[in-house]
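Please consult the sequence and the coordinates alongside the text.

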Amino acid sequence: MERALTAVEPALTSAANFLAVSAEPAYVPSMPSFALMTADELLRTPHADKRVDLVRGILRVREPAGYLHGEITARLCKLLMDHVDARALGRVLAAETGFKLNADPDTVRAADIAFIRRARLPDPRPVGYAALAPDLAVEVLSPGDRPGETLAKVADWLNAGTTLVWVIDAERAVARVYRADGSETLVTRDETLDGEDVVPGFSCVLGLIL
C-alpha cells in the first residue's frame with residue numbers, strides 16, 4: 001500500500017535528495033526573448049543520440065539514458081500498456097514522446113512513459129507534438145539528473161494539466177507520487193504504485209520493476 005509522508009518520517013527529507021522537496025513551478029526563470037526556439041523548430045532539428053526538452057524556448061540537452069533506466073522504463077511501460085489496452089482506457093506512449101505544454105515561449109516536455117485517457121486522445125493523431133498534457137507522466141531518474149531540474153519538470157506537467165506524476169528512483173528503491181491537488185506520496189520497494197482514478201484498476205509493486 002502507498003503511504004503518505006509524516007512530519008517525523010526521516011526518509012527523503014534532505015534538500016540534497018532528488019525527491020525530497022516540493023515541486024517548484026518557478027525553478028526555471030523567465031528567459032530573455034532573443035534566440036528562443038519554437039516547438040516547430042525543435043521538431044525539425046536533429047539531436048542524434050540525445051534526449052531533449054524545450055523549456056520556455058530554451059533547449060535542454062541530456063545524454064542518452066543508461067541500461068537500468070531503459071530496463072525499468074520498458075518493464076513499467078509493458079505493464080501499463082497491457083492493462084490499458086485490455087480495458088480500452090486510452091493510449092500509453094513510449095519514452096521521449098514530446099508534448100507541447102505552453103506556447104510563446106514554447107515548452108515541449110517528454111516523459112519516460114505517458115498515458116492519455118481515451119476521451120482526451122487527439123483526433124486526428126498529430127504528426128508532431130500533441131498540444132496537451134498527458135493524464136499520467138512517469139519519470140525514471142538517471143544518475144545525472146539534478147534535483148531542481150526534476151522537480152521543475154514535475155511542476156511543468158502538473159501546471160499543464162497532468163493529474164498524476166510518478167518519479168521513480170531506482171538508486172534509492174523508492175518512487176514519489178505527485179498529484180494535481182498538491183498531495184505527494186512516498187512509495188517504497190514493497191509498496192504499490194496505484195493508477196488511482198487516472199488509470200483505473202492498475203497497480204504494481206514497485207520492486208517488480210526495479
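## Burial and the case of D106

A residue is termed buried when its relative accessible area is under 20%, exposed when that value is over 50%, and partly exposed in between. The model examined here is predicted. With a relative accessible area of 9%, D106 falls under the 20% limit and is therefore buried. D106 is placed in the loop between β5 and β6, the latter spanning residues 107–111.

Two contacts describe the surroundings of the D106 side chain. A polar atom of this side chain lies 2.9 Å from the backbone nitrogen of D104.

## Other salt bridges

Side chains of opposite charge can pair when their charged atoms come close. In this model the count comes to nine salt bridges. One of them joins D82 to K78, with 2.7 Å between the closest N and O atoms. Both residues belong to helix α2 (residues 67–87), where they are four residues apart, about one turn of the helix. D82 is partly exposed, its relative accessible area being 42%, while K78, at 53%, is exposed.

D169 and R172 also meet through their side chains in a salt bridge, at 2.7 Å from N to O. D169 counts as buried because its relative accessibility is 2%; R172, at 31%, counts as partly exposed. Elsewhere, a network of salt bridges links R117, R120 and D135.

## Aromatic pairs

A pair of aromatic rings is described by the distance of the centres and the angle of the planes. The model contains two aromatic pairs. In that of F99 and W157, the ring centres are 6.0 Å apart and the planes stand at 75 degrees, so the arrangement is edge-to-face. Because F99 lies in strand β5 (residues 97–102) and W157 in helix α3, this pair ties together parts that are 58 residues apart in sequence. F99 and W157 are both buried.

W166 and F202 form a stacked pair, with 6.1 Å from centre to centre and 25 degrees between the planes. W166 is in strand β9, and F202 is in the loop between β12 (192–194) and β13 (203–205), so the pair ties together parts 36 residues apart in sequence. W166 counts as buried because its relative accessibility is 0%. F202 is likewise buried, with a relative accessible area of 4%.

## Nonpolar cores

The largest nonpolar core has 26 residues, of which L76, L80, L136, W166, I168 and V199 touch the most other members. At least two residues of this core come from each of α2, β7 (113–117), β8 (136–140), β9 and β10 (174–179). Helix α2 provides the largest share, five residues.

L76 illustrates the contacts made across the sequence. When neighbours within four places in sequence are left aside, L76 is in contact with I113, V138, W166, I168, F202 and I209. The list thus includes W166 and F202, the two partners of the stacked ring pair. Apart from this core lies another, of 17 residues, among them L101, A130, L151 and V154.

T162 lies in the loop between α3 (147–160) and β9 (164–169). Is T162 buried or exposed? Its relative accessibility is 0%, so T162 counts as buried.

A polar atom of the T162 side chain lies 2.8 Å from the backbone oxygen of P134. Beyond its neighbours within four places in sequence, T162 is in contact with A133, P134, D135, L136, A137, W157 and A180.

Notes: Residues numbered from 1 in each chain as written. Predicted model: local features only at pLDDT ≥ 70, side-chain atom pairs only at ≥ 80, totals over all residues. Heavy atoms only, no water. Buried < 20%, exposed > 50% of the residue type's maximum accessible area, 1.4 Å probe, protein only. Polar contact = N/O pair within 3.5 Å; in protein donor to acceptor, adjacent residues only side chain to side chain. Contact = heavy atoms within 4.5 Å. Phe/Tyr/Trp six-rings, centres within 6.5 Å; stacked < 30°, edge-to-face > 60°. Salt bridge = Lys/Arg side-chain N within 4 Å of Asp/Glu carboxyl O. Core = buried A, V, L, I, M, F, W, Y, C linked by side-chain atoms within 4.5 Å.
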